[in-house]
Amino acid sequence: TWQGAIDIRNGGREGSVAPKSLSDVLAMKKALEQADITFVPVVVPRSREDAKFHADIAQYAVRILVDMEVDMSGDYFPASDFPGVTEYARMLRVMAPDAFIGWEPDGRVADAARESEGRYLIDSVVPYVDMFSPQVYSGWPAYGIGERSIAADHARIISFSETGKPVQPTL
């Protein structure tokens, strides 16, 4: 939903690749399953209010990956509402109690010298998620401040193991 809107805004075309409703998501799930492809939707919350729609998706999909991006651009969860991140995760778990919830926090927060915010995105949601899938941008210039080293990304990924949850990085 979010990415489809961004893709269209950046010159992409409108179409079935941008699901806008639960029925669109379910149609995509059915088509993929008919092709024997596992369906794992990735959602990008923009506010705590997105938890209801994402929980509906998670209940039908059985699993969901939350791409947690936080900044002030208006395209992501607002950096001014960090307590909302915790509330979103809590609400998602309450409304989709049996779903497998993967949490994919943005690695660019650490790149932007916002490591305490990055830890908050991890520590505050541990009770509500089943797995961490940290985003890794190793070698990518992020926010115009240079490239992280592979060693720095490795250390960040290892830090997720301290939560006791499974860790599966997203590259």
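Predicted model: local features only at pLDDT ≥ 70, side-chain atom pairs only at ≥ 80, totals over all residues.
1. Overall composition. The protein chain holds seven helices and six strands. Along the sequence these elements follow the order α-α-β-α-β-β-β-α-β-α-α-β-α.

2. The protein chain has 171 residues, of which 43% count as buried. Among contacts between residues at least 6 apart in sequence, 65% join residues at least 24 apart.

3. The length of α2. Helix α2 covers residues 22-34, which is 13 residues. Just after α2, D36 adopts a positive phi of about 60 degrees.

4. The packing of α2 and α3. Two packed helices are described by the angle between their axes and the distance between the axes. Here, the axes of α2 and α3 (residues 51-61) come within 10 Å and cross at roughly 25 degrees. Because angles under 35 degrees count as roughly parallel, α2 and α3 are therefore roughly parallel to each other. The crossing of α2 past α3 is right-handed.

5. The residues in contact. On the α2 side, L22, V25, L26 and K29 take part, and they meet F53, D56, I57, Y60 and A61 of α3. The residues of this contact comprise seven nonpolar, no polar and two charged. As a general point, an α-helix has 3.6 residues a turn, so residues three or four places apart point the same way.

Terms used. Residues numbered from 1 in each chain as written. Heavy atoms only, no water. Helix = DSSP H or I, 4+ residues; strand = E, 2+ residues; numbered from the N terminus. Expected span 1.5 Å × (residues − 1). Axes fitted to C-alpha atoms, helices over the stretch in contact; angles between N-to-C directions. Parallel < 35°, antiparallel > 145°, perpendicular 65-115°, else oblique. Left-handed = near helix turned anticlockwise from the far one by under 90°. Contact = heavy atoms within 4.5 Å. Nonpolar A, V, L, I, M, F, W, Y, C, P; charged D, E, K, R; others polar. Buried < 20%, exposed > 50% of the residue type's maximum accessible area, 1.4 Å probe, protein only.
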